[in-house]
Amino acid sequence: MRVEYSGRVTLKRLAVALALLVLCSGCSFTPLINNRLPGNRAFIDYWPADANSNRLRLAVKDNIDMQGVITTAGSQFFQQTHKPAPADAPCLAIARQRNVQIVGKTNLTEFAVSPSGVNEYFGTPENPLRHNLIPGGSSSGNAVALASGMADVAFGTDTAGSIRVPAACCGIVGLKTTHGLISLEGVYPIEPKHLDTVGPMGKDIASTVQGMDLLQTGFAGKYAAAKAAKPSGRGIRVGRLKLKGTDPDIDVAIDDALTKAGFQVVPLDDSFRDKWEHATKDGNTIASAGVWISDQRLQFSLGVTTRTKAVIRLGQINYTTTYRAAVARQTAWQQTLNNIFGNVDVIAVPTLQKMPPSLPLLNLRIGILEALVLDMQNTVAVNFAGNPALAMPIPVRNERVPVTSLQLVGPRLAEAELLNVGRLVEEAVKNR
């Protein structure tokens, strides 16, 4: 007997709960974008590069420790109460050795807990594709800095989509790495035991490869080997996953890009789609509970936004009710993906099921926005497995923005192979 289950329905209940918590928590009517703040608000601390320098410009998300700089994690409370970090996070070690120019600490949603990219205190980074669209979160500052040309590469973090969602919203490339590959020491946590990762972002595949080579010793060589092994799309099997509720224009754009790249496209069946939706529900449960695990001490702190406090309280509900059961299903989901990768090299799926929504005018509606973005992102199932995933722009027929985002998911430790597949797609669609 088949047990009826809808991951989307359960996710919508979670989203509605978040919206209601925020709406019932006395949100102010202050504007979401603080127009008094200068520039596009991509950075919290910005140190412009020398115009005559050829050094690579690196932006670092401000939940990653940098010696001598306060790690704000996007929070007024942390900015006003924390001291400068005594040491760099280990993930910055290679960049320091190579004398890369760090141009700033980038903006993010408070404590990296929400997918919209909105930050009431530091100002919401302005999406260069269209200024009234969300930049995506939580690594919103990274995406805006790259898309506007203020940095060449960026380091972000991804718990449930925090690299890939802003990459999708701003038309850049973002790589979520294999869980455990890059050290999380010195990184402000959400759920490091099961979900948190550090990864690179870039304006294109080549710059994202450069970013990954700053995070993993010898990565450039691995990427060169992947290119030599698979120089064209003919020998690459791509499992195509289609999800209910996806904008038809996005599905068409993805199918068109895969066809142009010359891949062997293998449709994935409804059984796998159902398991993906199960994993989405479980991944969101663990991410939500992780906010409670990491931030419960802050639920009554002055200077922490009402919106963030509502997310913390929702995390408490999930931690006490469904967290342990979700964690118990992680191994089975990991095995499901391993079985799929016995038949295909990568999985292709939209990063977002819809085009990025517009920013609301008032904070009163932010809970609804967060619920909407949470429901449209297709990213957290990958975090639940621990596998790597690449989000990259592809052209789409849409009046609002010219690009959507293709997400490519690979086996564990297949970052080089994923970026090579992304290179082939990028070359196939570049004339459009």
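This is a predicted model: local features need pLDDT of at least 70, side-chain atom pairs count only at pLDDT 80 or more; totals for chains, interfaces and linings use all residues.
**Cores.** I began with the largest nonpolar core, which has 54 residues; Phe263, Leu406 and Leu408 touch the most other members.

Next I listed the contacts of Phe263, leaving out residues up to four places away in sequence. I noted a second, separate core of 27 residues. Among its members are Leu241, Ile286, Ala326 and Val344.

**Strand β5.** I turned to strand β5, residues 173-176, and looked at where its side chains point. Val173 and Leu175 point one way, Gly174 and Lys176 the other way. Are these four residues buried or exposed? I found all of them buried, Lys176 included. In a regular strand the side chains alternate between the two faces of the sheet.

I checked the neighbours of β5 in turn. Strand β6, residues 197-202, runs antiparallel to β5 and is joined to it by two bridges. Val173 has Gly202 as its bridge partner in β6. Strand β10, residues 389-395, also runs antiparallel to β5, with three bridges. There, Gly174 stands opposite Ala391.

**Cysteines.** How many disulfides are there? I counted zero. I took Cys170 as a test case. Its closest cysteine sulfur is in Cys169, 6.2 Å away. The cut-off is 2.5 Å, so the sulfur of Cys170 is too far from that of Cys169 for a bond. Cys170 is buried, because its relative accessibility is 2%. I also logged Cys91 as buried, at 5% relative accessibility.

Note on methods:
Residues are numbered from 1 along each chain as its sequence is written. Side-chain values use heavy atoms; hydrogens and water are left out. Buried means under 20% relative accessible area, exposed over 50%, partly exposed in between (1.4 Å probe, protein chains only). A nonpolar core is a set of buried Ala, Val, Leu, Ile, Met, Phe, Trp, Tyr and Cys residues joined through side-chain atoms within 4.5 Å. Contact means heavy atoms within 4.5 Å. Two strands pair if DSSP finds at least two bridges between them.
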